[in-house]
Amino acid sequence: MSRLEKIALNVQDSFGQLWSFTLRGKDTIEISTPYSTTTNKFVSIFVTERGGKYIVSDGGLLNSEAYESHLDYENQCLLKIIYHFEAYYEVKRTLDKQGIKHYYKLTIEERLVPNLVYELAQFVSVCASSATVQFEDEKEKEERESFRTKATSYISSNFPRYQKRFRAPLDKKDFRSVRFSALLERKNRLSIITYVTGSTPSNFRNSIASANMNFELASLSRYNEYIENKIVLVNNTADGYVQNQISKQLNLLEEHIGREAINWSEREKLIPILN
């Protein structure tokens, strides 16, 4: 019997026979837990033995939507919940080569592995379930997702000379909750783009306010000297685009970034700026 199998049996002895396991290659074992999500999926945790350490991880399943719940990293309410439980359970994060987040805990002591498996299973269960909570009305969510898809597709197709990241934080360490719609990098210079839209004038103003705050925080970050362009892409085709109800907020945002916002109907104006 391998050491990993002994660990899995120890987990069973500690928490009950509802915990089962499957070997995954030579150095990893998958432990199926009795923890479930509100989407009726049972949580799996992976234990890998490598270099004298035990890595207890979610295998990237939480971020890859294996539990049929979408972690929207632009949803500030959901982010607060995830960050709270990250801190509470002392969970760490890393990215694989495909850009998928893996949540994990680490130990060099074999006897601690069952506790880490137990804690990480709780973490995954509560985060996956929280992601199914509707924090906003469905029409607003659809509006935001639709515009994000169109705008991201346009930027992906038209600016091949840039390294691009979408829905990404400017600084993972100090400003990880400050995310921009697109980050374009070339020759150590950054162009940051924020999409602004809304299904109602109120939601549109909230989107403008969020963009303004994020740009202000970017100016305070250690990357400020590398930022070449601050760009706002406005969905002037949205139902919430009522000019006389959003113009004051939009003017303030334009003053802050030092350039006019670009309307979606005039998106070709991005080309001379970024080429």
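## A loop with a positive phi

Glutamate 68 sits in the loop between strand 4 and helix 2. Helices (H or I, at least four residues) and strands (E, at least two) are DSSP runs, numbered from the N terminus. The model is predicted: local features need pLDDT of at least 70, side-chain atom pairs count only at pLDDT 80 or more, and totals for chains, interfaces and linings use all residues. Residues are numbered from 1 along each chain as its sequence is written, and side-chain values use heavy atoms, with hydrogens and water left out.

Most residues other than glycine have a negative phi. Glutamate 68 has a positive phi, near 60°. Its relative accessible area is 55%, so glutamate 68 is exposed. Exposed means over 50% relative accessible area, buried under 20%, and partly exposed in between (1.4 Å probe, protein chains only). Asparagine 188 also has a positive phi near 60°. Asparagine 188 lies in the loop between strand 8 (175–186) and strand 9 (189–196). Asparagine 188 is exposed, at 58%.

## Tyrosine 67

Which loop holds tyrosine 67? Tyrosine 67 lies between strand 4 (53–57) and helix 2 (76–89). Tyrosine 67 is buried because its relative accessibility is 3%. Beyond its neighbours within four places in sequence, its contacts (heavy atoms within 4.5 Å) include Thr37, Phe42, Leu62, Val124 and Ala128. Tyrosine 67 and phenylalanine 42 are 25 residues apart in sequence, and their C-alpha atoms are 8.0 Å apart.

## Overall layout

The chain has seven helices and eleven strands. Its C-alpha trace spans about 70 × 40 × 30 Å along the principal axes. Of its 275 residues, 45% are buried. Among contacts between residues at least 6 apart in sequence, 60% join residues at least 24 apart.

## Two nonpolar cores

A nonpolar core is a set of buried Ala, Val, Leu, Ile, Met, Phe, Trp, Tyr and Cys residues joined through side-chain atoms within 4.5 Å. The largest core has 33 residues, and Leu62 and Phe123 touch the most other members. Helix 1 (3–15), strand 2 (28–36), strand 3 (42–50), strand 4, helix 2 and helix 3 (113–130) each give two or more residues to this core. Helix 3 gives the most, with nine residues. Leucine 62 is in contact with Tyr67, Ser69, Leu71, Tyr103, Phe123, Val124, Cys127 and Ala128, leaving aside neighbours within four places in sequence. A second, separate core of 22 residues includes Ala168, Leu183, Phe215 and Ala218.

Phenylalanine 215 lies in helix 5. Phenylalanine 215 is buried, at 0% relative accessibility. Not counting residues up to four places away in sequence, phenylalanine 215 touches nonpolar side chains and others, among them Phe180, Ile192, Val232, Leu253, His256 and Ile257.

## Helix 6

Helix 6 bends by about 30° at glutamine 249. The bend is the angle between axes fitted to the seven residues ending there and the seven starting there.

The buried residues of helix 6 are Ile246, Leu250, Leu253, Glu254 and Ile257. They pack against helix 5 (201–220) and strand 10 (227–234). Glycine 258 follows helix 6, and its phi is positive, near 80°.

## Charged side chains

The whole structure holds eleven salt bridges. Each is a side-chain nitrogen of Lys or Arg within 4 Å of a carboxyl oxygen of Asp or Glu. Arginine 144 pairs with aspartate 72 at 3.1 Å, N to O. Arginine 144 is in helix 4 (residues 138–158), and aspartate 72 is in the loop between strand 4 and helix 2, 72 residues apart. Both are buried. Arginine 167 also bridges to aspartate 72, at 2.9 Å. Arginine 167 lies in strand 7 (residues 163–171), so this pair ties together parts that are 95 residues apart in sequence. Arginine 167 is partly exposed, at 23%.

Glutamate 266 and lysine 269 form another salt bridge, at 3.4 Å between the closest N and O atoms. Shared partners join Asp72, Arg144 and Arg167 into one network.

Lysine 101, in strand 6 (residues 101–107), is buried yet has no salt bridge. Its nearest side chain of opposite charge is glutamate 86, 8.1 Å away. Here Lys and Arg count as positive and Asp and Glu as negative; His and the chain ends are not counted.
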